[in-house]
Amino acid sequence: MRNLWRILLGTVIGALASWYLLKNVSLPEIISTLRSVPPGAMGATFVLMCSAYFFRLHRWKMLLSPLRDVPTMGLLSPLAIGLLGNVLPGRVGELLKGLLL
């Protein structure tokens with residue numbers, strides 16, 4: 001039951017954050033901009049972002065290790081929700097990350 005609440009909370013937060021971020025953005029303009037980005041730059045950005053998440057996951061795993069053993073992949077959802085929630089007013093993502101951990 002707890003996992004269901006986490007999934008629901010994550011979905012609601014993701015939907016609200018997406019709406020907040022994209023409410024004043026033109027979709028055709030985004031598509032046009034993405035088409036103008038060189039594929040190599042897009043690939044390099046993807047690799048760098050994945051690496052950053054990998055290191056953040058392991059940092060949180062080390063920070064939480066004195067308290068309890070948390071599987072690395074179990075930290076992915078709270079970390080992603082926390083980062084996405086940080087674009088909301090008041091950096092609500094930090095609070096959400098703490099609640100989900």
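Is V70 buried or exposed? V70 is buried, because its relative accessible area is 10%; here buried means under 20% relative accessible area, exposed over 50%, and partly exposed in between (1.4 Å probe, protein chains only). This is a predicted model, in which local features need pLDDT of at least 70 and side-chain atom pairs count only at pLDDT 80 or more, while totals for chains, interfaces and linings use all residues. Residues are numbered from 1 along each chain as its sequence is written, and side-chain values use heavy atoms, with hydrogens and water left out.

The secondary structure of the protein comes to 5 helices and 0 strands, where helices (H or I, at least four residues) and strands (E, at least two) are DSSP runs numbered from the N terminus. The order of the elements from the N terminus on is therefore α-α-α-α-α. Of the 101 residues in the protein, 20% are buried. Among contacts (heavy atoms within 4.5 Å) with a separation of 6 or more, 40% come from residues 24 or more positions apart.

Helix 1 spans residues 2–22 and has 21 residues. From its first C-alpha to its last, helix 1 reaches 30 Å, close to the 30 Å expected at 1.5 Å a residue; the expected span is 1.5 Å times one less than the number of residues. The buried residues of helix 1 are G10, I13, G14 and A17. Seen down the helix axis, these buried residues fall within an arc of 105°, so they line one face of helix 1; the arc is that of the directions from the helix axis to the C-beta atoms. An α-helix has 3.6 residues a turn, so residues three or four places apart point the same way. On the face of helix 1 turned away from the buried side are the exposed residues W5, T11, L16 and W19.

Attention now returns to V70 and its surroundings. V70 lies in the loop between helix 3 (39–64) and helix 4 (76–85). Leaving aside neighbours within four places in sequence, V70 is in contact with K61, L64 and L75. The C-alpha atoms of V70 and W60, 10 residues apart along the chain, are separated by 9.3 Å. K61 also takes part in a salt bridge with D69, their side chains meeting at 3.6 Å, N to O. A salt bridge is a side-chain nitrogen of Lys or Arg within 4 Å of a carboxyl oxygen of Asp or Glu, and a search of the whole structure finds 1. K61 is partly exposed at 26% relative accessibility, whereas D69 is exposed at 71%.

Rings of Phe, Tyr and Trp (its six-membered ring) pair if their centres lie within 6.5 Å, with planes under 30 degrees apart counted as stacked, over 60 as edge-to-face and the rest as tilted. By this rule the count comes to 1 aromatic pair. The rings of F54 and F55 have centres 5.5 Å apart and planes at 75°, so the pair is edge-to-face. F54 is partly exposed, with a relative accessible area of 45%, and F55 is exposed at 58% relative accessibility.

Finally, V92 belongs to helix 5 (residues 92–100) and is partly exposed at 29% relative accessibility. The C-alpha atoms of V92 and G82, 10 residues apart along the chain, are separated by 7.7 Å.
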